[in-house]
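Welcome! Take a look at the sequence and the 3D structure below, and keep both open while you read.

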Amino acid sequence: MTDSIIDIRNLTKTFPSDDGEVEALHDVTLSLDRGGFTSIIGPSGCGKSTLLRIIGGLDTDYEGTALMNGEPIAGPGRDKGFVFQDHRLLPWFSVRDNIRFALPDDRKRDDDYIQEYIDLVGLNGFEKALPKQLSGGMAQRVAIARALANRPKILLLDEPFGALDAITKIKLQDQLLRIWQAEHITMVIVTHDIDEAVYLGQTVVVMKPHPGEIKRVEHVDLGTPRKRVGDAFNRAKDAIYTEFFA
């Protein structure tokens with residue numbers, strides 16, 4: 001029997017507009033496996049980022065049910081980590097102090113603990129660097145370390161590599177997989193990139209817009225280590241392409 005960390009049932013989310021209410025999500029039902037990696041993909045306006053915000057407790061105004069570990073998701077907390085497309089680092093703080101700032105008081109003075117997460121994302125030697133001294137990819141690694149340092153039960157990533165060049169994106173995807181395997185944490189990524197969704201996700205949730213609904217759930221078995229080539233990768237990618245372009 002699958003152990004789920006997130007259970008969403010018959011969830012509908014509307015936003016007010018000049019023409020009346022707009023239904024961003026309609027009757028969404030979804031379970032996320034504990035310790036799994038789920039990709040959510042779809043065109044702009046399909047509600048994938050809205051769904052991620054609801055899972056993270058950033059939006060609690062909806063109809064239906066959203067549970068984490070069997071309890072209603074009542075708001076954000078340290079058990080839910082977020083990484084956005086914009087790294088959102090504080091520009092006057094160093095790498096070390098950006099991570100420190102997000103920690104609870106009993107961890108803020110523990111430099112050895114902070115160093116564990118700097119090392120985890122491969123930024124040893126950049127502890128004192130300011131955000132302006134980092135590349136885009138390095139800044140995103142700090143954002144990932146900051147989110148992980150609170151030891152959340154689930155890490156939610158909203159197009160974290162969307163603004164990066166292709167080579168940096170591939171390197172960070174590989175690093176994210178290594179972190180997922182090492183930390184045994186549940187991860188959910190929202191993306192527009194079909195290759196990224198298939199490469200990272202054990203499960204790929206395909207959404208459609210107007211209103212936002214789940215169109216397909218594709219289970220992807222690429223084995224370990226995961227590869228960007230081969231029959232399994234191409235079959236999964238072709239199945240998802242068909243949903244958008246058939």
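## The model and its annotated domain

Before anything else, please keep in mind that this is a predicted model.

In an unreviewed entry, UniProt lists residues 6-234 under "domain: ABC transporter". Over that stretch the chain is 29% helix and 30% strand. If you find residue 6 and residue 234 in the viewer, you will see that the C-alpha atoms at these two ends are 29 Å apart.

## Two cis peptide bonds

Now let us follow the backbone to two prolines. The peptide bond that leads from His210 to Pro211 is cis, and its omega angle is near -5 degrees. Pro211 belongs to the loop that runs between β9 (203-208) and β10 (213-219).

Where does Pro225 lie? Look in the loop between β10 and α7 (231-245).

## Two residues with positive phi

Which value of phi does Asn10 have? Its phi is near 50 degrees, which is a positive value in a residue other than glycine. Asn10 is part of strand β1 (residues 4-17). With a relative accessibility of 45%, Asn10 counts as partly exposed, because that class covers values between 20% and 50%.

Arg151 is another residue to check: here phi is near 50 degrees, again positive in a residue that is not glycine. You can find Arg151 in the loop between α4 (136-148) and β7 (154-158). Arg151 is partly exposed, and its relative accessible area is 47%.

## Salt bridges

How many salt bridges does the structure hold? There are 14 of them, and a few are worth a visit. In one, the side chains of Arg107 and Asp110 meet at 3.6 Å, N to O. Arg107 is partly exposed at 27%, and Asp110, with 27% relative accessibility, is partly exposed as well. In another, Lys208 pairs with Glu213 at 3.2 Å, N to O. Lys208 is partly exposed, with a relative accessible area of 28%, and Glu213 falls into the partly exposed class at 22%.

Are the two partners buried or exposed? Glu243 counts as buried, at 18% relative accessibility, while Lys215 is partly exposed at 43%. The pair also belongs to a network: salt bridges with shared partners link Lys215, Arg216, Glu218 and Glu243.

## A negative surface patch

Next, color the acidic residues and look for Glu21, Glu23, Asp27 and Glu63, which form a negative surface patch. Which element gives the patch its largest share? That is strand β2 (residues 20-33), which contributes 3 residues.

Glu23 is located in strand β2, and with a relative accessible area of 33% it is partly exposed.

## Two aspartates in one loop

Finally, go to the loop between α1 (48-55) and β4 (63-68), where Asp61 lies. Asp59 is found in the loop between α1 and β4 too. Which of these residues is buried, and which is exposed? Asp61 is exposed, with a relative accessible area of 57%, whereas Asp59 is buried, at 12%.

Asp61 and Phe15 are 46 residues apart in sequence, and their C-alpha atoms are 9.7 Å apart. For Asp59, look at Gly75: the two are 16 residues apart along the chain, with 7.4 Å between their C-alpha atoms.

Terms used
Residues numbered from 1 in each chain as written. Predicted model: local features only at pLDDT ≥ 70, side-chain atom pairs only at ≥ 80, totals over all residues. Heavy atoms only, no water. Patch = residues over 30% accessible without salt bridge, like charges linked within 9 Å, V, L, I, M, F, W, Y side chains within 5 Å. Areas by Shrake-Rupley, 256 points an atom, 1.4 Å probe, with all protein chains shown as cover. Salt bridge = Lys/Arg side-chain N within 4 Å of Asp/Glu carboxyl O. Lys, Arg positive; Asp, Glu negative; His and termini not counted. Charge placed at Lys NZ, Arg CZ, Asp CG, Glu CD. Helix = DSSP H or I, 4+ residues; strand = E, 2+ residues; numbered from the N terminus. Buried < 20%, exposed > 50% of the residue type's maximum accessible area, 1.4 Å probe, protein only. UniProt positions renumbered as here; feature names shortened; annotations may be inferred.
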